[in-house]
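Have the structure open while you read.

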Amino acid sequence: MAEKIIILGTGGHGKVVKELAEACGYEVLGFVGNAKPVGTRILDKKVLCCVDDIETLKSETTKVAVARVSNTVREKRVNEMVALGFEIPSLIHPSCIFSPSADVGAGAVVMAGTVINADAYVGEHSIINTGATVDHDCRIGDYCHISPGANLGGEVTIRDYTWVGVGAAVRECITIGKNVMVGGSAFVACDIEDNVTAIGVPEKVTKL
Ligand SMILES: CC(C)(COP(=O)(O)OP(=O)(O)OC[C@H]1O[C@@H](n2cnc3c(N)ncnc32)[C@H](O)[C@@H]1OP(=O)(O)O)[C@@H](O)C(=O)NCCC(=O)NCCS
């Protein structure tokens with residue numbers, strides 16, 4: 001019998017994570033969130049309760065997927081769920097080309113059409129979004145988001161809380177610091193310090 005899971009998050013990313021969980025073999029019970037009224041239909045499931053009431057679902061499953069794209073909001077929700085005794089499994093879409101020598105931390109989600117190459121590591125609760133590629137020996141920190149279609153060359157290091165925008169590319173052996181925003185379609189050719197935004201080709205950095 002399929003294991004059951006709850007999707008925490010009622011937005012568009014929640015829909016993608018719901019279908020990811022199903023592709024990974026889970027039975028999705030429904031959604032939990034505060035943004036939509038209880039009973040609202042999302043795809044073929046419903047909003048079961050608000051976040052404060054999630055413990056009422058514990059008799060059915062202790063597994064939850066936290067589907068929030070904001071890295072800091074995701075961390076807050078993960079900490080709340082762990083404190084309540086929920087488990088947050090990693091989810092890797094079956095269409096991902098995932099190297100046998102690669103690894104992911106707890107709660108990482110790896111979407112459809114991605115490639116995670118040899119000896120790469122994706123940190124806890126990070127998102128590798130649709131069609132992104134993470135090449136050999138990359139090190140991605142915790143609570144990062146590599147957006148759809150972004151490409152990381154080999155041996156790239158991305159530190160915690162960093163968001164690489166849609167379609168951006170990062171040259172091999174580059175280190176990007178913590179809490180960096182790399183804009184969509186940027187090409188990152190130099191290392192980037194913590195807490196900045198980088199946009200353009202090649203990237204230009206501004207302080208947040
Ligand atoms: C870089 C980014 C964070 C800036 O967002 P913002 O602070 O709201 O900036 P604005 O949209 O107000 O744009 C400010 C200026 O920067 C420019 N700009 C915005 N994003 C840019 C980008 N990625 N590359 C080049 N220029 C960009 C805008 O054209 C604007 O220029 P102007 O002042 O000459 O008109 C955002 O545009 C971005 O790229 N986000 C990534 C989104 C993404 O990947 N989503 C995936 C979801 S799954």
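Let's start in the loop between β11 (121–122) and β12 (127–128), which is where H125 sits. This is a predicted model, and in it H125 has a positive phi of about 60° even though it isn't a glycine. Is H125 buried or exposed? It counts as buried because it has 25 C-beta neighbours inside 10 Å, and the cut-off for buried is 20 or more.

You'll find C173 in the loop between β19 and β20 (175–176). C173 has 12 C-beta neighbours inside 10 Å, so it counts as exposed. For background, most residues other than glycine have a negative phi, and most peptide bonds are trans.

| Site | Angle | Value |
|---|---|---|
| H125 | phi | about 60° |
| G200 | phi | about 100° |
| V201–P202 | omega | about -10° |

The last two rows take us to the β23/β24 hairpin. β23 (residues 196–199) and β24 (residues 204–207) run antiparallel, joined by 4 bridges, with I199 partnered by K204. There are 4 residues between the strands, and G200 is in that turn. P202 is in this loop too, and the peptide bond between V201 and P202 is cis. On another side, β23 runs parallel to β21 (residues 181–182) through 2 bridges, and M181 stands opposite T197.

Now for the ligand. Several of those residues turn up around it: its surroundings include M181, T197, I199 and G200, along with N129, S147 and P148 among others. The shell splits into 4 nonpolar and 8 polar residues, with no charged ones.

There's also an open, parallel sheet of 6 strands, in the order β7-β10-β13-β16-β19-β22. Its edges are β7 (97–98) and β22 (187–188), each pairing on one side only. At the β22 end, 2 bridges tie it to β19 (residues 169–170) in parallel, with V170 opposite V188.

Finally, the inside. The largest nonpolar core has 60 residues, and A65, V110, V134 and I146 have the most contacts within it. This core draws at least three residues from each of domain 1 (4–83) and domain 2 (91–202). I146 touches V134, I127, L152 and V164, among others, and its contacts also include N129, a residue of the ligand's surroundings.

Definitions and conventions: Residues numbered from 1 in each chain as written. Predicted model: local features only at pLDDT ≥ 70, side-chain atom pairs only at ≥ 80, totals over all residues. Near = placed C-beta within 6 Å. Nonpolar A, V, L, I, M, F, W, Y, C, P; charged D, E, K, R; others polar. Pairing = 2+ DSSP bridges. Core = buried A, V, L, I, M, F, W, Y, C linked by C-beta atoms within 7 Å. Domains from an automatic or database assignment. Contact = placed C-beta atoms within 7 Å. Lists of a residue's contacts leave out its neighbours within four places in sequence.
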